[in-house]
Amino acid sequence: MLKKAFALVLALASAVSLAACGGSSSSVGHSLETKETFEPITLRFGNQHPEDSIAHAADLRICEKIAEVTDGRVKVDLYGNNALGDYTSVYEECMIGTIDMAHITAVETYDAKMSGAMLPYLGSNYEELKKAYDPDNYLFSVVSESADRQGLHTFGFFCEGFSGTLTNQPVQNANLSNANKDCLVRVPSLDNFTLAERRLGFQTSTIAYSDTYTAIQTNTVNGACGMPPNLVYQNFRDVTEYYYHYMMTQEATQILMSKKTWEKLLPEDQEAITKVIQDECAASFEIAEADDAKYMDILRDLGVEVVEFTDEERAAFAQDCRENVWPQLAKNTSQEFLDNILASLE
C-alpha cells in the first residue's frame, strides 16, 4: 500500500512538473515571437466621450496610428460614447482583460491616487498642468504603479479642459476664496469637487447629474460646477446666464490597456504604441486650451456672461485650496502623496 501511495505521489508530482514546464514553455515561446511569427490581433477600445469631442477625435487618430506603426499587427476598433458600458464597468473589464483598452475617467475605488490628476488646483494654468502630468514626473509614476497592481497599463493623462461654475444668477465675491457667494450649486459627489467648491464660498448640493438641468431651470439649485466650457454649451446652455471660469479642476482622463493585452504585444510594438498615445496626451493641452476659448466665445455669442480671472487671482485660488482643502483630501490618499506632488511642481 505504501509503495502504491508513493507511486501515486510521484505521478502527481511529475504531472505538476510537466504542467509547469508547459506554462513556462508557452511564456518563453511568446517572448521569442517576432514580427514574422506574431499573429495580428484586433483590440477593443472603449471611451466615454461624445463623437464630437476632442477626446474622441484623438482616440480615432490613435487607432489609425497604431495600425500604421505596427504594420497592421495591432488593429484597434473604437467604441465611443460608453458603447461598451460606463467608465466604471469598462475600467473593471480592462482589469480582467475582457476589454483591451479604455480612455476614461480613472476609478478611485481600488486606489484613490488614481484620480490624482483631478486634484483641485493641481495647476492654475495649462503650463502648470503640463508639468504635473509629465510622464517623467512624480504623479504619473505613482499612478502607473497603482495601475500595474490593478492589472492595468496606463499610458498617460489626457487633458480635456479646465472646469468652471455655471449659474443662473450673478455670484457675489466671485474673485475671492472663502467668501460667501450666496449661490447653491450642484457638485459631483467627490471630495475633490465638494470641498474645493465650498472653500471658494459656494453652498453645494450633490443631486444626480441627470436632474441638474431641471434643478437649475426650477431654481432648486442656482448652478453647477465641474464642467469645462464645451460641456456647459452641450448640456446646459439654455439654463446658463453666467459662467465663471475658475479653472479649479481638470477634466483629465486616462488612456489605459489591460496588462493581459499589453503582455501579448511585441516589445517594439509596445514602444511604438506608447509613443503614439503619449504624443496625443502631450498635444491635448493646446487642443483643450483652444477648445476652452472656442466654447467660451460661443457662450458669449449666446448671451452668457463669461467671467475669467487673472493669473494672480487664479494663483491665489490655488494657494488657498492647497493650504486648506488638500489637507482634508489626505485621508483619501496620504499627506506624503500630496506633499510630493507639490514638491514636483516647484
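I looked up H4 (126-133) against H10 (residues 267-301) and noted that their axes come within 10 Å and cross at roughly 150°, the axes being lines fitted to C-alpha atoms over the stretch in contact, with angles from 0 to 180 degrees between N-to-C directions. H4 and H10 are therefore roughly antiparallel to each other, a term for angles over 145 degrees. The contact (heavy atoms within 4.5 Å) is made by Tyr126, Leu129, Lys130 and Tyr133 of H4 and by Phe285, Glu286, Ala288, Glu289 and Asp292 of H10. Sorted by class, this contact has 5 nonpolar, no polar and 4 charged residues.

The model is predicted, and I kept in mind that local features need pLDDT of at least 70 and side-chain atom pairs pLDDT 80 or more, while totals for chains, interfaces and linings use all residues. Residues are numbered from 1 along each chain as its sequence is written, and side-chain values use heavy atoms, without hydrogens and water.

Next I checked H13 (residues 335-345), where Phe337, Leu338, Ile341, Ser344 and Leu345 are buried, that is, under 20% relative accessible area with a 1.4 Å probe, protein chains only. They cover an arc of only 125° around the axis, which puts them on the same side of H13; the arc is taken from the directions from the helix axis to the C-beta atoms. I found these buried residues packed against H4, H5 (138-149), H11 (311-324) and H12 (326-329).

Last, I turned to H3 (residues 87-96), and noted Val90, Tyr91, Cys94 and Met95 as buried. Their arc of only 145° around the axis puts them on the same side of H3.

Key. Buried < 20%, exposed > 50% of the residue type's maximum accessible area, 1.4 Å probe, protein only. Helix = DSSP H or I, 4+ residues; strand = E, 2+ residues; numbered from the N terminus. Parallel < 35°, antiparallel > 145°, perpendicular 65-115°, else oblique. Nonpolar A, V, L, I, M, F, W, Y, C, P; charged D, E, K, R; others polar.
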